[in-house]
Amino acid sequence: MMRNDIDDILNSLLSDWHCWCSNFRHVAQSGSCAMFTDVKSSRQWQDADEILDSAKHNSTMKAVDFHVNELEPVQRTAIQIKARNLYTGVQVWTSARLPADPQARAVILMTAKNLLMARLSAAGVM
């Protein structure tokens, strides 16, 4: 029972992380100035709880991103594909970087999830 709860928490984090990453841009978009890239828009219409929740969510996503990127390339790919499938709600995304054998993919994903859970737990995210 406890393992399912932890898996649900990790799946929720991975889905949120995929959404957060899809909004990230490595370079400035057209029409933006490098001088103003870190400027935040006015949040005067938000109350303190909303601002704190937003900051906590952003901090959590940065931690998940860091720990996912510290995994081995094959494990990172397995986590990224799992996150995309969770976010879209369908299990259709695959990667040529992963083995064709479903059981081998499952072992890689299980190993990656266990390593990620241990890292996130040690970091205080889970």
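I looked up V92 and found it in the loop between helix 3 (73-88) and helix 4 (102-122), helices being DSSP runs of H or I with at least four residues, numbered from the N terminus. This is a predicted model, in which local features need pLDDT of at least 70 and side-chain atom pairs count only at pLDDT 80 or more, whereas totals for chains, interfaces and linings use all residues. Residues are numbered from 1 along each chain as its sequence is written, and side-chain values use heavy atoms, with hydrogens and water left out.

I noted that V92 is exposed, with a relative accessible area of 57% (exposed means over 50%, buried under 20%, partly exposed in between, with a 1.4 Å probe and protein chains only). V92 also belongs, with V90 and W93, to a nonpolar surface patch of about 270 Å² of accessible area together; areas come from the Shrake-Rupley method, and such a patch joins nonpolar side chains within 5 Å, from residues with over 30% relative accessible area and no salt bridge.

I then turned to K82 in helix 3, which is buried yet has no salt bridge (a Lys or Arg side-chain nitrogen within 4 Å of a carboxyl oxygen of Asp or Glu). The nearest side chain of opposite charge is D7, 8.7 Å away, with Lys and Arg counted as positive, Asp and Glu as negative, and His and the chain ends not counted. Leaving aside neighbours within four places in sequence, I listed N11, L14, L109 and K113 in contact with K82, that is, with heavy atoms within 4.5 Å.

For the protein chain, I recorded four helices and zero strands, with buried residues making up 24% of the 126 residues.

Methods:
Patch = residues over 30% accessible without salt bridge, like charges linked within 9 Å, V, L, I, M, F, W, Y side chains within 5 Å. Areas by Shrake-Rupley, 256 points an atom, 1.4 Å probe, with all protein chains shown as cover. Helix = DSSP H or I, 4+ residues; strand = E, 2+ residues; numbered from the N terminus.
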